[in-house]
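Please look first at the sequence and the model shown below. The report that follows moves from a single residue to the chain as a whole, and then to pairs of side chains.

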Amino acid sequence: PPVEGHAATTLTTRGRVLAELGAFGAYACYRTGQPVFLLLCCVAATAMLVSVLFARRLAGGLAAARSAPDWAYAGEPLTIRLRLTNLGPAKYLFSVIDEARVGARRCTAAMRVDVLRSAERRVLGYVLPAPRRGLHRYAGLRVESGGPFGLIRSAATVAAPGSVLIVPRPGRARGWELPGGRRNSGIGAESPERGGASLEYFASREYRSEDPMRFIHWKLTARMRRPMVREFLTTSSLEVEVVPDLCAADYRESPDGRLLEAVIGLAATLCGELVRHGAIVRLWLLRERPRAAPQGSGARHLKKMLAELAVAEADAVTEYAAALSEASRRFAPGSAVVSVVAARALADAPAALASLRRAGHAGQLMVVHAAGTVATNMSRPWPEVVAAVAARAGVPAWTFPGDGDMRDVEMPRLRAR
C-alpha cells in the first residue's frame, strides 16, 4: 500500500533559525533600505522553498511489505525483513522506524536508507529488541525524510499491519520429583524404555557427554557440523493439572510485574517437563470463570499451552483458593495438581491442596516469592516458612526467587525441620 495521506512537514531547529534570520532580513531591509538584508532574506526563502519541494517527494508513495515470524520465544530478538519500493518520481534519502507494541509496552527499531531511486526495490533486515510475552501488534512503519540543508523533516506512515505471538520459553527443571514419583535429572536425552514402548519424537538439540550414542541424529549432525541428538517423549499414563496463580492481589509486592512473569515462566517450564515425560497435561487459567486448555500431550499440545500462557494476565477478581476449589470439580479423577503461586497466596493454597489430596488428587506446591530471601514480618527465610506450611498441609513444596531465571532451575524438595 502507498503512503497513507500526505507527509507531515515540520521545521528543524536549523530551519527555525534560518526562518527567523529571513524575517529579520526582511524587516531590516524595510527599515534601512540596505540591499544586504534583502540578500539575506532571499537566501533564506530560497533554501526553505528547495527544502519544501524536496520533502514533497515523500508524498509520492512508498510500498512496504514486512516478513516476520508469527511465533517467537520471549527474551529472543525478532529478526524482520522489510521490502521497500519507491513509487515516487525521484530518489530521496529517508529513515524507517518500525514498532511493535503490546498494551503500553513498545519495542522500536530505526534504520537509515541511503538512496532509494524511483521504482527501485530494496530488502532491509533488522532486529527488534527482545519483547515481553504477549500478542504484539505491529504499528505502521514511520518513514522520515529530511531536506537537503537539514531545515525541515517530513514524516508519513506506511501501512504494514501484522502481529507476532511472544510465548514464554520452557526450560529445564533439574531435580524435580514429578507427581508420578519419577525424578527428573534434567540432563541427557530422554531415554525411552525398551520392550516395545511407543516413541514420539520431541526435538533435537546439541549432544552432551551423558547422551547415549544411539540417539545421535547423524543427518542433522552432518548438516549442522556439530553433534546433535534426538529427544523423545516417554510414554506415561500420568494426568496432571497445572494451575498458575493469576490473582492480582497476590502481586502487590511486585508492581513492575516481575513476580507474575516468574510465575508464568515457571508454569511454562513445568508444562514442558511434563510433556517431555509423556504426561497428559491440562493448563488452567483461574479467572472469574475458570478456563482450561483441553487435555493432551506432545509437542503440539505444549505449543497450545504456551500460547495460553503468552496472553495470561492477573485478574483483579479471582481469589486463588476459591477458584482452585471451583475448578477442582472438573479435574480428571485421580489426576495430580501442580499449583504455582505467588508467596501472598501461601495462606490459602496449601489448605486447598490438602482438600484436593483428601479427594484423591496428588498435589504439589510451587511458591515464587519476591526478591530477597526473608519472609516479610517473619524474619525467617522463605524456604523455611514454605516448608513448615506445606508440611502441615501434607503436600510437597518448592520455592523460587521471583528475580531468577525460570528457564533453568534447580528444584531440591523442601524438607520441614
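## A residue on the outside

Arg 225 counts as exposed, with a relative accessibility of 79%, where buried means under 20% relative accessible area, exposed means over 50% and partly exposed means in between, with a 1.4 Å probe and protein chains only. This residue is placed in the loop between helix H3 (218–224) and strand E14 (228–233); helices (H or I, at least four residues) and strands (E, at least two) are DSSP runs, numbered from the N terminus. Most residues other than glycine have a negative phi. Arg 225, although it is not a glycine, has a positive phi of about 65°.

## The model and its confidence

This is a predicted model, in which local features need a pLDDT of at least 70 and side-chain atom pairs count only at pLDDT 80 or more, while totals for chains, interfaces and linings use all residues. Residues are numbered from 1 along each chain as its sequence is written, and side-chain values use heavy atoms, with hydrogens and water left out.

The pLDDT, which is the predictor's confidence in each residue on a scale from 0 to 100, averages 75 over the protein chain, and 77% of the residues score at least 70.

## The chain as a whole

The protein chain contains eight helices and 21 strands, and of its 417 residues 48% count as buried. When contacts between residues at least 6 apart in sequence are considered, 70% of them join residues at least 24 apart. The chain exposes about 21,000 Å², of which carbon and sulfur atoms supply 53%; accessible areas come from the Shrake-Rupley method with a 1.4 Å probe, and for residues only the protein chains shown count as cover.

## Aromatic rings

Rings of Phe, Tyr and Trp (its six-membered ring) pair if their centres lie within 6.5 Å, and planes under 30 degrees apart count as stacked, over 60 as edge-to-face and the rest as tilted. By this rule there are two aromatic pairs. The rings of Phe 24 and Phe 37 are edge-to-face, because their planes stand at 85°, with the centres 6.1 Å apart. Since Phe 24 lies in helix H1 (residues 13–32) and Phe 37 in helix H2 (residues 35–55), this pair ties together parts that are 13 residues apart in sequence. Phe 24 is partly exposed at a relative accessible area of 47%, and Phe 37 is partly exposed at 23%.

Trp 284 and Phe 331 form an edge-to-face pair, 5.3 Å from centre to centre and with 65° between the planes. Their pair links distant parts of the chain, 47 residues apart, with Trp 284 in strand E16 (residues 280–285) and Phe 331 in the loop between helix H6 (320–327) and strand E18 (336–342). Both Trp 284 and Phe 331 are buried.

## Charges over rings

A charge sits over a ring if NZ of Lys or CZ of Arg is within 6 Å of the ring centre and within 35 degrees of the ring normal. Arg 66 lies over the face of Tyr 138, at 4.3 Å from the ring centre, and the charged end of Arg 169 sits over the ring of Tyr 73, 4.1 Å from its centre.

## Salt bridges

Side chains of opposite charge can pair when their charged atoms come close. The whole structure holds eight salt bridges, each being a side-chain nitrogen of Lys or Arg within 4 Å of a carboxyl oxygen of Asp or Glu. One of them joins Arg 132 to Glu 313, whose closest N and O atoms are 3.4 Å apart. This pair links distant parts of the chain, 181 residues apart, with Arg 132 in the loop between strand E7 (121–128) and strand E8 (134–138) and Glu 313 in the loop between H5 and H6.

Another salt bridge joins Arg 276 and Glu 273, at 3.7 Å from N to O. Because they are three residues apart in helix H4 (residues 258–276), Arg 276 and Glu 273 are separated by about one helical turn. Arg 276 is buried at 7% relative accessible area, and Glu 273 is buried at 0%. Salt bridges that share partners also join Arg 132, Arg 133, Glu 261 and Glu 313 into one network.

Terms used
Contact means heavy atoms within 4.5 Å.
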